[in-house]
Amino acid sequence: MDVDFGGGGTETPTASPTTSTPTEQPTGGTDCGAWNDAAVYTAGDTVTHKGTIYRAGWWTSGEEPGTTGEWGVWRPAAAC
């Protein structure tokens, strides 16, 4: 739709820009960064903690790798 603004030309209106507010919550990752107790990790994310690489089995936050036992969220991983 063309709109006449009275200046002799026409302009096609565009949609208003949208903005998103970044969250302040730290997130996990797949780059083997150091484990952060405040971060949120999802299945497949990898971290290093006390010299070992771990991979998350599902969503977790605040669970320290190596302390949750064989049924816990973190599993030792061979590589990132």
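Strands here are DSSP runs of E, at least two residues long, numbered from the N terminus, and two of them count as paired if DSSP finds at least two bridges between them. Thr46 has Arg55 of E6 as its bridge partner. The turn leaves 2 residues between E5 and E6, and Lys50 in that turn has a positive phi of about 50 degrees.

A word on what you're looking at: this is a predicted model, where local features need pLDDT of at least 70 and side-chain atom pairs need pLDDT 80 or more, while totals for chains, interfaces and linings use all residues. Residues are numbered from 1 along each chain as its sequence is written, and side-chain values use heavy atoms, with hydrogens and water left out.

Now follow E6 to its other partner. E6 also pairs with E8, again in the antiparallel sense, this time over 3 bridges. Here Tyr54 sits opposite Pro76 in E8. Put together, the strands give an open sheet of 4 with the order E3-E5-E6-E8 and mixed pairing.

Stepping back, the protein has 8 strands and 0 helices (a helix would be a DSSP run of H or I, at least four residues). Of its 80 residues, 22% are buried, meaning under 20% relative accessible area with a 1.4 Å probe, counting protein chains only.

What makes up the largest nonpolar core? It has 8 residues: Trp35, Ala39, Tyr41, Val47, Tyr54, Ala56, Val73 and Trp74. Such a core is a set of buried Ala, Val, Leu, Ile, Met, Phe, Trp, Tyr and Cys residues joined through side-chain atoms within 4.5 Å.

Leaving aside residues up to four places away in sequence, Val73 touches several residues, including Arg55, Ala56, Trp58 and Thr60; a contact means heavy atoms within 4.5 Å. Thr60 belongs to strand E7 (residues 60–61) and is buried, with a relative accessible area of 1%. With the sequence neighbours up to four places away again not counted, Thr60 touches Ala39, Val40, Tyr41, Val73 and Trp74.

Methods:
Buried means under 20% relative accessible area, exposed over 50%, partly exposed in between (1.4 Å probe, protein chains only).
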